[in-house]
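The sequence and structure come first.

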Amino acid sequence: MNIKDEIKALKEQKNAVILAHYYVADEIQEIADYVGDSFALSKTAATLPNPIIVYCGVSFMGESGCLLSPEKKVLMPDASADCPMAHMVTKAEVDAAREAYEDLAVVCYINSTAEIKSWSDVSVTSANAVQIVRNLPNQNILFIPDQNLGRFIAEQVPEKNIILVNGYCPIHQNISPAEVQELKDAHPNAEVLVHPECPEAVTRLADYIGSTTGIIKHATESEKQEFIIGTEIGVLYELKKRNPDKTFYFPKTAPTCRDMKLITLEKVLHVLQTEENQASVDRAQAEAAGNTLTRMLELSK
Ligand code: 13P
Ligand code: SF4
């Protein structure tokens with residue numbers, strides 16, 4: 001049996017399900033039962049009947065799986081795969097903002113640790129952030145930790161006071177506006193689709209700004225044939241699968257998330273065999289952190 005067949009057989013035997021983010025390697029997306037962006041995966045994790053979830057992604061995703069489905073075993077193929085941005089805010093920054101504004105809502109990007117979620121009022125993903133922030137009753141919003149997504153929300157919801165911190169995704173932050181401009185010059189008919197985690201100099205060059213699902217949907221529905229993509233290279237697998245005749249260009253310094261790429265078929269098989277690397281959340285944080293996710297799911301219906 002080859003490794004993919006072994007994974008499939010063991011998964012069926014244990015009634016396990018494999019979830020994968022669009023940024024993991026192609027061969028992992030190929031064997032997954034569900035591939036999606038952070039929002040789709042969190043919704044799926046909350047409703048699946050399977051007792052075991054193998055979560056092919058980084059640690060905040062596994063934690064979110066535990067928070068939404070505490071009765072399930074959530075297994076992480078690589079326990080060290082982590083999102084650096086998920087740690088980029090301190091409790092002192094949150095406390096200072098709560099002190100300064102009486103009506104403050106603390107809105108955390110789902111790319112944050114369970115501890116950071118436990119300090120917050122509601123979580124959001126890049127797919128629902130604008131809608132949720134717009135509909136909150138609060139005038140003052142502390143958005144943590146991604147300054148780039150926060151700036152994008154502030155532009156879309158100008159009627160609110162959005163307070164930012166200094167977090168960022170190193171992968172999207174590193175996308176070079178000069179390289180995007182070079183692609184635009186070389187392919188003047190291409191549409192430019194970028195993720196809101198990109199810096200302002202990149203989003204200014206875009207025709208469309210959206211989550212990974214938004215980018216894939218936009219490219220699929222667009223009448224254009226060529227696209228310049230400003231997000232992690234892993235989305236190319238789904239873009240090509242849905243649009244075999246369209247052409248996609250990425251900046252020449254291909255945006256690659258080292259942590260997402262730590263997931264391999266061997267590690268997926270290993271956790272299915274051993275049930276090691278079970279994701280968990282500190283009990284003291286679980287209730288408050290879980291509430292931010294259930295609130296997100298309610299507010300984005
Ligand atoms: P989305 O899945 O919300 O598009 O976010 C991208 C990301 O960086 C996940 O780590
Ligand atoms: Fe974190 Fe960026 Fe990697 Fe997403 S792409 S997991 S935000 S480092």
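## Domains

The domain assignment divides the protein into domain 1 (3-82 + 260-281), domain 2 (85-168 + 284-299) and domain 3 (175-249). The coordinates are those of a predicted model.

Taken over C-alpha atoms, the centres of domain 2 and domain 3 are 27 Å apart. Domain 2 gives 8 residues to the contact and domain 3 gives 11 residues. On the side of domain 2 that touches domain 3, the residues are 3 nonpolar, 3 polar and 2 charged.

## Helix α3

Helix α3 spans residues 38-47, and its buried residues include S38, F39, L41, S42 and A45. These residues lie on the same side of α3, because they cover an arc of only 165° around the axis.

What do the buried residues of α3 pack against? Their partners are the strands β1 (16-21), β2 (34-36) and β3 (52-56), together with the helices α4 (59-68) and α15 (283-299).

## Ligand 1

The residues around ligand 1 are D37, S38, F39, C83, N111, T125, S126, A127, C169, E197, S211 and T212. Two of the residues in this list, S38 and F39, are also buried residues of α3. Sorted by class, the shell around ligand 1 holds 4 nonpolar, 6 polar and 2 charged residues.

## Ligand 2

Ligand 2 has 13 residues around it, and V58, C83, C169, I171 and C257 come nearest. The shell around ligand 2 consists of 10 nonpolar, 1 polar and 2 charged residues.

Definitions and conventions:
Residues are numbered from 1 along each chain as its sequence is written. Chains are lettered from A and ligands numbered from 1 in the order in which they are written. This is a predicted model: local features need pLDDT of at least 70, side-chain atom pairs count only at pLDDT 80 or more; totals for chains, interfaces and linings use all residues. A residue is near a molecule or strand if its C-beta atom, placed from the backbone, lies within 6 Å of it. Ala, Val, Leu, Ile, Met, Phe, Trp, Tyr, Cys and Pro count as nonpolar, Asp, Glu, Lys and Arg as charged, and the others, Gly among them, as polar. Domain bounds come from an automatic or database domain assignment. Two residues are in contact if their C-beta atoms, placed from the backbone, lie within 7 Å. A residue is buried if 20 or more other C-beta atoms lie within 10 Å of its own, exposed if 12 or fewer, and partly exposed in between; C-beta atoms are placed from the backbone. Helices (H or I, at least four residues) and strands (E, at least two) are DSSP runs, numbered from the N terminus. The arc is that of the directions from the helix axis to the C-beta atoms.
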